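Student: Hi, could you walk me through this one? I'd like to go piece by piece.

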Amino acid sequence: MAISTEKLTSILQSFVTSTTDIQGAAVVTPDGLPLAATLPGGMDEERVSAMSAAMLSLGERIGSELARGGIDRIFVEGDKGYGILTSCGEDAVFLVLADKAAKQGLLMLEIKRTLVDLKAVLM
Amino acid sequence: MEIMRLVVTGPVGAGKSTFIRSVSEIEVVDTDRRATDDTLLLKKRTTVAFDFGRLQFGPDMALHLYGTPGQSRFDFMWDILIQKAHAYILLVAAHRPHEFREARRILTFMKQRSPVPMIIGLTHTDCPGAWDAANIALALGYPHPARRPPVVAINANETASVAQAVIALVQYTWAGSLTPTT
């Protein structure tokens, strides 16, 4: 069955709009191509996708080579906000951009829930 | 111990990862992922962050080799890697002339960010339809044979051949550092 981009996009849109302090989200292939994205203005979908793939691949490499095991997520904490990368099955990577004000526990829970929805569409 | 950082760049499928794998003494740190774009026409997997290899060069020098991704969507990696490079090699598949423009684009990108020495490595020179060195240099923007970087033919699968290219790059870098450039 073909992957529905509209479904992916609508999941991302409802995730970004319904969760407070989330500024953007994207689903990309592990080789860095966009599948669906809802990003703040001025951010290029292609670049964001490529960066997400590069970061996750390096993180996974640290996991395996430096014996940290399988990687659940990569968490980038800046003074203006967070960038969180989660592997979304074999064929996708999920990126979330959140405001510094976001509550981390809530964020993780929302990401976990959205991952289930995304995986259902990607299956 | 002195460390010299060499960057291996070039278009998709030029042989960058193979180059590093052939010559590295440590197990290469690679970040390849299954390709889902046009890259598939050439190969199944593609580098998404960088390849890293190491080579001992004489008693007091180690070479660190960094291979870039080929696709331009990863140009932020090109930028990160070239900033710290002491020299770089541009790999070009001699039998795919339609990629020379992309190779030239990468070259321009690197030159804008770094003045370090570079050489050109030609791979796939034994394939049918391969261009000769002079014409490829011309296509990359070097019309004068006297004023172009060294061009070497490389079999990226052969350790000896890759080692020769690495030596050529290191020697060219040393030669450049002896004569003051203005």
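Student: What does helix 3 of chain A lie across?

Tutor: Helix 3 (residues 104–122) of chain A lies across strand 1, strand 4 and strand 5 of chain A. Helix 3 runs at about 150° to strand 5 of chain A. This is a predicted model, where local features need pLDDT of at least 70 and side-chain atom pairs count only at pLDDT 80 or more, while totals for chains, interfaces and linings use all residues. Residues are numbered from 1 along each chain as its sequence is written, and chains are lettered from A and ligands numbered from 1 in the order in which they are written.

Student: And how are helices, strands and angles defined here?

Tutor: Helices (H or I, at least four residues) and strands (E, at least two) are DSSP runs, numbered from the N terminus. Axes are lines fitted to C-alpha atoms, for helices over the stretch in contact, and angles run from 0 to 180 degrees between N-to-C directions. Two residues are in contact if their C-beta atoms, placed from the backbone, lie within 7 Å.

Student: Which strands does helix 2 of chain A lie across?

Tutor: Helix 2 (residues 45–65) of chain A lies across strand 1, strand 2, strand 3, strand 4 (81–87) and strand 5 of chain A. Its angle to strand 1 of chain A is about 75°.

Student: What order do the strands of that sheet have in chain A?

Tutor: The order is 2-1-5-4-3, in an open sheet of five strands with antiparallel pairing. Two strands pair if DSSP finds at least two bridges between them. At the edges are strand 2 (34–38) and strand 3 (73–77) of chain A, each pairing on one side only. On average, neighbouring strands of this sheet are turned by 10° against each other, direction ignored.

Student: How many bridges join strand 1 and strand 5 of chain A?

Tutor: Six bridges, with strand 1 (residues 22–28) and strand 5 (residues 93–99) of chain A in the antiparallel sense. For example, Ile22(A) has Ala98(A) in strand 5 as its bridge partner.

Student: OK, switching to chain B. How many helices and strands are there?

Tutor: Chain B has five helices and eight strands. Six strands form an open sheet in the order 4-5-1-6-7-8, with mixed pairing. The edge strands of that sheet are strand 4 (51–56) and strand 8 (151–153) of chain B.

Student: What packs on the sheet of chain B?

Tutor: Helix 1 (residues 16–23) of chain B does, touching strand 1 (2–9), strand 4, strand 5 and strand 6 (87–93) of chain B. Helix 3 (residues 100–113) of chain B packs there too, touching strand 1 and strand 6 of chain B; its direction makes about 170° with that of strand 6.

Student: How many residues of helix 1 of chain B are buried?

Tutor: Eight of its eight residues are buried, including Phe19(B) and Ile20(B). A residue is buried if 20 or more other C-beta atoms lie within 10 Å of its own, exposed if 12 or fewer, and partly exposed in between, with C-beta atoms placed from the backbone. Across chain B, buried residues make up 45% of the 182 residues.
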